[in-house]
Amino acid sequence: NEECFVHWFAITEKIATLSDICLMLLRTEGRAKVFYFLSQIKGESYWKVQQIDECDNFVYQLSRETILFNEYIKDIIDEDKLLYVWSGIENLLGKVLIRAIATIQSKKLNKEGMKVYLKNINTLQKMLSQLTLSPSSDLNELFAVGHYSLEKAKKFLDLFSLEGDQLIRYAKEHEDEF
């Protein structure tokens with residue numbers, strides 16, 4: 001019987017390890033979606049001739065797929081594990097959006113292009129708000145803090161639109177932000 005118990009214990013350890021690997025893969029899947037979809041900003045033109053009322057299609061697709069992915073997994077894994085899957089995603093989104101500005105086509109944004117980029121950020125903020133579980137969920141608090149990362153992307157976009165002397169004046173007035 002002791003030999004049977006040792007064998008059973010070894011099997012449960014292997015299952016626990018497999019569970020941890022699956023959880024890590026779920027976390028990686030969420031991040032891979034961010035990189036896959038937001039990499040499409042590279043080469044995208046934000047020099048828009050006309051008003052566009054929607055976010056970029058690839059941002060819409062990222063939002064849609066992420067929400068669906070969350071719907072599939074939220075009922076089958078514990079809340080603390082779901083928190084592990086999504087924690088840090090808001091910071092990743094903010095950093096990718098800020099860095100992606102340098103890769104846009106011709107390095108030019110006009111007023112209408114900036115509106116589209118802001119719509120992209122707002123769409124992703126809305127997506128994060130839909131990844132919550134219960135009103136008391138730690139994920140809600142995490143994403144409330146995480147909206148700060150996307151707000152930083154908005155702020156960077158605002159600063160990006162300033163002329164050189166305006167940017168210097170802003171930097172002097174808001175030294176603590178730099």
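Modeller: A salt bridge is a side-chain nitrogen of Lys or Arg within 4 Å of a carboxyl oxygen of Asp or Glu. This is a predicted model, in which local features need pLDDT of at least 70 and side-chain atom pairs count only at pLDDT 80 or more, while totals for chains, interfaces and linings use all residues. Residues are numbered from 1 along each chain as its sequence is written, and side-chain values use heavy atoms, without hydrogens and water.

Colleague: Which residue forms a salt bridge with Glu29?

Modeller: The two partners both belong to helix H1 (residues 2–38) and stand 4 residues apart, about one turn of the helix, where helices are DSSP runs of H or I with at least four residues, strands being runs of E with at least two, all numbered from the N terminus. An α-helix has 3.6 residues a turn, so residues three or four places apart point the same way. With its closest N and O atoms 3.2 Å apart, the salt bridge joins Glu29 to Lys33.

Colleague: Is Lys33 buried or exposed?

Modeller: Buried means under 20% relative accessible area, exposed over 50% and partly exposed in between, for a 1.4 Å probe and protein chains only. For Lys33 the relative accessible area is 12%, so Lys33 counts as buried.

Colleague: How many residues apart are Glu65 and Lys33?

Modeller: Glu65, partly exposed at a relative accessible area of 28%, forms a salt bridge with Lys33 in which the closest N and O atoms are 3.1 Å apart. The pair links distant parts of the chain, since Glu65 lies in helix H2 (residues 57–74) and Lys33 in helix H1, and their separation is 32 residues.

Colleague: In which helix do Glu151 and Lys154 lie?

Modeller: These residues form a salt bridge, with 3.5 Å between the closest N and O atoms. Glu151 is partly exposed because its relative accessibility is 37%, whereas Lys154, at 17%, is buried. The two are 3 residues apart, about one turn, and both lie in helix H6 (residues 138–160).
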